[in-house]
Amino acid sequence: MPDPSSWLHEATATAEGGHVRTDDGGLSTALASPLAAHCTGLRPEQLLAAAFASCLHHAAVEAAGEITDEAHTVQVRAEAKLGRDDDGLYRADVHASISSAGLSREQLADLVEYADRLWPFSSGDNSRHRLTVTPAENGRH
């Protein structure tokens with residue numbers, strides 16, 4: 001993992017009471033619960049799809065800048081599916097595709113490969129990310 005002083009961007013989000021929001025106010029939306037059918041709002045798989053699409057789009061635009069001057073045409077589509085294993089644990093399956101107008105098949109393949117390497121959640125390397133979950137101190141968010 002990089003030195004903590006080398007991180008470029010940082011964000012904090014809080015989910016509680018059927019709502020999720022980023023501390024900077026950039027996102028605030030109701031959440032649906034997979035355990036409560038009556039809840040309305042975004043479902044976990046929608047948030048995963050949006051997060052993966054957003055992250056990969058950022059990487060794909062950067063990668064496209066190395067290949068073409070048409071980086072503004074990059075489109076990323078992400079599909080996220082959630083399921084449960086026999087032991088009750090959630091599993092996720094995410095598939096993303098990248099397109100960009102005016103590229104040859106070879107250029108598009110290069111763009112996809114480069115973008116996938118840039119992204120911290122690469123399809124070929126599960127060791128490039130880490131999630132640490134710890135208990136919060138009581139009363140602190």
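Visitor: Which pattern does the protein follow along the sequence?
Guide: This is a predicted model, where local features need pLDDT of at least 70, side-chain atom pairs count only at pLDDT 80 or more, and totals for chains, interfaces and linings use all residues. Residues are numbered from 1 along each chain as its sequence is written, and side-chain values use heavy atoms, with hydrogens and water left out. Helices (H or I, at least four residues) and strands (E, at least two) are DSSP runs numbered from the N terminus, and the protein has two helices and five strands. Read along the sequence, they give the pattern β-β-β-α-β-β-α.

Visitor: What share of the residues counts as buried?
Guide: Buried means under 20% relative accessible area, exposed over 50%, and partly exposed in between, with a 1.4 Å probe and protein chains only. The C-alpha atoms fill a box of roughly 50 × 40 × 30 Å along the principal axes. Of the 141 residues in the protein, the buried share is 21%.

Visitor: How many bridges join strand 1 and strand 2?
Guide: Two strands pair if DSSP finds at least two bridges between them. Strand 1 (residues 13-16) runs antiparallel to strand 2, and T14 stands opposite R21 in strand 2. The two strands form a hairpin with two residues between them, and G17 in the turn has a positive phi of about 55°. The number of bridges between strand 1 and strand 2 is four.

Visitor: Which residue takes a positive phi in the hairpin of strand 2 and strand 3?
Guide: Strand 2 and strand 3 (residues 28-30) run antiparallel and are joined by three bridges, with H19 opposite A30 in strand 3. Five residues lie between the strands of this hairpin. The one with a positive phi, near 80°, is G25.

Visitor: Which residues make up the covered face of strand 2?
Guide: In a regular strand the side chains alternate between the two faces of the sheet. Strand 2 spans residues 19-22, and its uncovered face has H19 and R21. The covered face has V20 and T22.

Visitor: How far does helix 2 reach from its first C-alpha to its last?
Guide: The expected span of a helix is 1.5 Å times one less than its number of residues. Helix 2 (residues 105-118) has 14 residues, and its reach is close to the expected 20 Å. From first C-alpha to last, helix 2 reaches 20 Å.

Visitor: Within what arc do the buried residues of helix 2 fall?
Guide: The buried residues of helix 2 are L111, A115 and D116. Seen down the axis, they line one face of the helix, because the directions from the axis to their C-beta atoms fall within a limited arc. What covers them includes helix 1 (44-67) and strand 5 (90-99).

Visitor: What is the distance between the C-alpha atoms of L108 and L27?
Guide: L108 is found in helix 2 and counts as partly exposed at 25% relative accessibility. Leaving aside neighbours within four places in sequence, L108 is in contact with I98, S99, S100 and L103. L27 is 81 residues from L108 along the chain, and their C-alpha atoms are separated by 31 Å.

Visitor: Which residues do ring pairs link into a cluster?
Guide: Rings of Phe, Tyr and Trp (its six-membered ring) pair if their centres lie within 6.5 Å; planes under 30 degrees apart count as stacked, over 60 as edge-to-face and the rest as tilted. The count comes to three aromatic pairs; F52 and W119 have ring centres 5.3 Å apart and planes at 80°, so that pair is edge-to-face, and it links F52 in helix 1 to W119 in the segment after helix 2, 67 residues apart. W119 and F121 are also edge-to-face, at 6.1 Å centre to centre and 80° between the planes. The cluster is F52, W119 and F121.

Note on methods. Contact = heavy atoms within 4.5 Å.
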